[in-house]
Amino acid sequence: MRPQSTTETSPLQWGETFRDGSRRMVGNDQLRANLRNATETIRSKRDARAAETQNWEELRHAGAAIKRYSLDHLADLLEELEANVTANGGIVHWARDAHEANAIAYDIVARHQVDEVVKVKSMATQEIGLNEYFADRGIQAVETDLAELIVQLGNDHPSHVVVPAIHRNRSEVRDIFTDNFEDGNRPSSDDPRELTMRARTHLREKFLNAKVAISGANSMIADTGALSVYESEGNGRMCLTLPEVLISIVGIEKVIPTWQDAEVFTELLPRSATGEPMNPYTSWWTGVTPGDGPQEFHLILLDNGRTTVLADPLGRDALACIRCGACMNICPVYRMVGGHAYNSVYPGPIGAILTPQLLGAFEDGDPSATLPFASTLCGACYDVCPVKIDIPSILVELRRRSVESGAGSGSGWGTAMKASSEVMRSGRRLGAAEALLPLGRAVADKEGRITQLPWPVSSWTKSRDVPSPPTESFRRWMSRREKAER
Ligand code: SF4
């Protein structure tokens, strides 16, 4: 069942903390099996593509450099982009937040007097809750990406930025199609080919009747005013070419300077996202052309917290993300609980650093402020990221801010952390604490594990074991050694 967003201003995040969300998801064996199969397949394909690309590290380096340059020159590049989109016959709008972006898009659609629009898969429109905004005003926004369609018809939330229905298996998809498709188009089996053909028939009618389409973009080129969508099915291209009106809602961080820069992402993105050497469909469009494609093109440039993130010297690196999803596929936490546990449009390691920053959520009691704690800090996300975002360092910094704001101060965990920091701050107190080490060894089991400790440390041992303390502490070993050397 689709969870509800808690605030009117932030469809980006909803209600629960990661802790509650993960508790709910981790008990779902079917979900875990679906996730394991899908992420393992994508990961091995991605690893094979990276290994066979001789200049993979140079490409990553180039991708990282282009994104950092673009973020450093964002204002200039956006002005250049606006001038070129306008010169090509497009209309540029600037939206400070979700409400403004939705209102601009709705005004355009209302002027064309339609009650249905088709959509290309887009994270930006999820971030602003466009479908729900339109539905409240009597307009149905139809997702045309197959996985997004499954999620939409199942009244569900996407679980992954590239593979939104990663948590569903084919029999679940068959049931969703059976419940939603018209007579004569209901699937008779869960054969993937049949399911795809049924979805195709359902969508074909939507494409042919749609007057307005809504998309995001993978990148925007400042020096030409061109926008791109990379996809696997061709449904996005139908939306981009058949309707009379195209509205693209794009985060401002998607701008890059030149066509040549786009070459790098054409190599990096499909390899990192789906393990393909190239996207089957890469569409580019530049303004409007009489008699060819949409005759009215609107570009809505979305801020929605991005300029605040940009002002942060460390955290701004999150804006370099190209939404490939590779960090999710490798993350041991994501792979165990899936995207719904994060309770945010952006799940996984990138979501854990992007969502709290976009929302400015560092305060105690804010569910988004807990997201940076949803990580083992193993560093795998950094190793796999095609644009070298140092996610672990940003996680640690956001944790620091959260702790400084007093997050968790009333909990057992907060009390335990406070107590241990007091002990470690003083050599004398640490020495006194070492006197308790033999007691720790006494309560350890035969394998050298302590599985149960009293409150407040019980909040740790409830889910993890503590190793038995060594027979000699480091400080004692050091002082013995120093004495021997004298
Ligand atoms: S943070 Fe890196 S690996 Fe994760 S989605 Fe973004 S670009 Fe991909």
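Student: Why does F474 count as exposed in this structure?

Tutor: This is a predicted model, and in it F474 has a relative accessibility of 58%; exposed means over 50%, so F474 counts as exposed. F474 is found in helix α23, which covers residues 474-485, and together with W477 and M478 it makes a nonpolar surface patch of about 310 Å².

Student: What makes D175 partly exposed?

Tutor: The relative accessibility of D175 is 38%, and since buried means under 20% and exposed over 50%, with partly exposed in between, D175 counts as partly exposed.

Student: How do you know that the side chains of R198 and E194 meet in a salt bridge?

Tutor: The distance from N to O is 3.0 Å, and a salt bridge requires a side-chain nitrogen of Lys or Arg within 4 Å of a carboxyl oxygen of Asp or Glu, so the pair R198 and E194 qualifies. Both residues lie in helix α10, residues 192-209, where they are 4 residues apart, about one turn of the helix.

Student: What parts does the salt bridge between R306 and E127 tie together?

Tutor: In the salt bridge of R306 with E127, the closest N and O atoms are 2.9 Å apart. R306 lies in helix α13 (residues 306-310) and E127 in helix α6 (residues 123-127), so the pair ties together parts that are 179 residues apart in sequence. R306 and E127 are both buried, and the structure holds 32 salt bridges.

Student: What makes β8 and β9 the edge strands of their sheet?

Tutor: The open sheet is formed by 4 strands in the order β8-β5-β6-β9, with mixed pairing, and β8 (255-256) and β9 (281-286) are its edge strands, as each pairs on one side only. Strand β6, residues 226-231, runs antiparallel to β9 and is joined to it by 6 bridges; two strands pair if there are at least two bridges between them, so β6 and β9 count as paired. Within this pairing, Y230 has T282 in β9 as its bridge partner.

Methods:
Residues are numbered from 1 along each chain as its sequence is written. This is a predicted model: local features need pLDDT of at least 70, side-chain atom pairs count only at pLDDT 80 or more; totals for chains, interfaces and linings use all residues. Side-chain values use heavy atoms; hydrogens and water are left out. Buried means under 20% relative accessible area, exposed over 50%, partly exposed in between (1.4 Å probe, protein chains only). Patches are made of residues with over 30% relative accessible area and no salt bridge: like charges are joined within 9 Å, nonpolar side chains (Val, Leu, Ile, Met, Phe, Trp, Tyr) within 5 Å. Accessible areas come from the Shrake-Rupley method with a 1.4 Å probe; for residues, only the protein chains shown count as cover. Helices (H or I, at least four residues) and strands (E, at least two) are DSSP runs, numbered from the N terminus.
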